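Keep the sequence beside the model as you read.

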Amino acid sequence: WMDVKAIYAKAEGGRLYFYVEYYGAMPSSKDYLREVTIYMDTDRNIQTGELWEALGWKMGRDYFIRFDLYGDNSTYDASLYKWNSTSNSWKKVKDIRGGATLAPELT
């Protein structure tokens, strides 16, 4: 029920928009959780951020956004994290729930 059909990203007016489209609807139950993590290499430099390698491709992950949504809409979370090169760990920078919105059919 959770196969991803497409992911769209758009930058407009100082905002970054993401839209994740699934093949099936999430069951309306708090027993189901949809989690989305979007990593970003904002400076296109593998020397900064957390190094990630796969299939001959590398990126220095500087930030990630994490979204969590339960099937019954009882809880959702949206947070922004930044890589700390000194401690080699991720640090939560901001709760972005106020700036994040759910698609109309999920509200």
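**From hairpin to core**

Strand β1 (residues 4–12) pairs with strand β2 (residues 15–22) through eight bridges, in the antiparallel sense. Strands here are DSSP runs of E, at least two residues long, numbered from the N terminus. Two of them pair if DSSP finds at least two bridges between them. Across from V4 stands Y22 in β2. Two residues lie between the strands of this hairpin, and G13 takes a positive phi near 55°.

A word on the source. This is a predicted model: local features need pLDDT of at least 70, side-chain atom pairs count only at pLDDT 80 or more, and totals for chains, interfaces and linings use all residues. Residues are numbered from 1 along each chain as its sequence is written, and side-chain values use heavy atoms, with hydrogens and water left out.

Next comes a sheet. Strands of a sheet pair through backbone hydrogen bonds, either parallel or antiparallel. Here four strands form an open sheet, ordered β3-β6-β7-β8, with antiparallel pairing. Look at β7 (residues 76–84): six bridges join β7 to β8.

Which residues make up the largest nonpolar core? The eight are Y22, V36, I38, M40, I65, A78, L80 and I96. Such a core is a set of buried Ala, Val, Leu, Ile, Met, Phe, Trp, Tyr and Cys residues joined through side-chain atoms within 4.5 Å. Buried means under 20% relative accessible area (1.4 Å probe, protein chains only). Strand β3 gives the largest share of this core, three residues.

Technical notes
Buried < 20%, exposed > 50% of the residue type's maximum accessible area, 1.4 Å probe, protein only.
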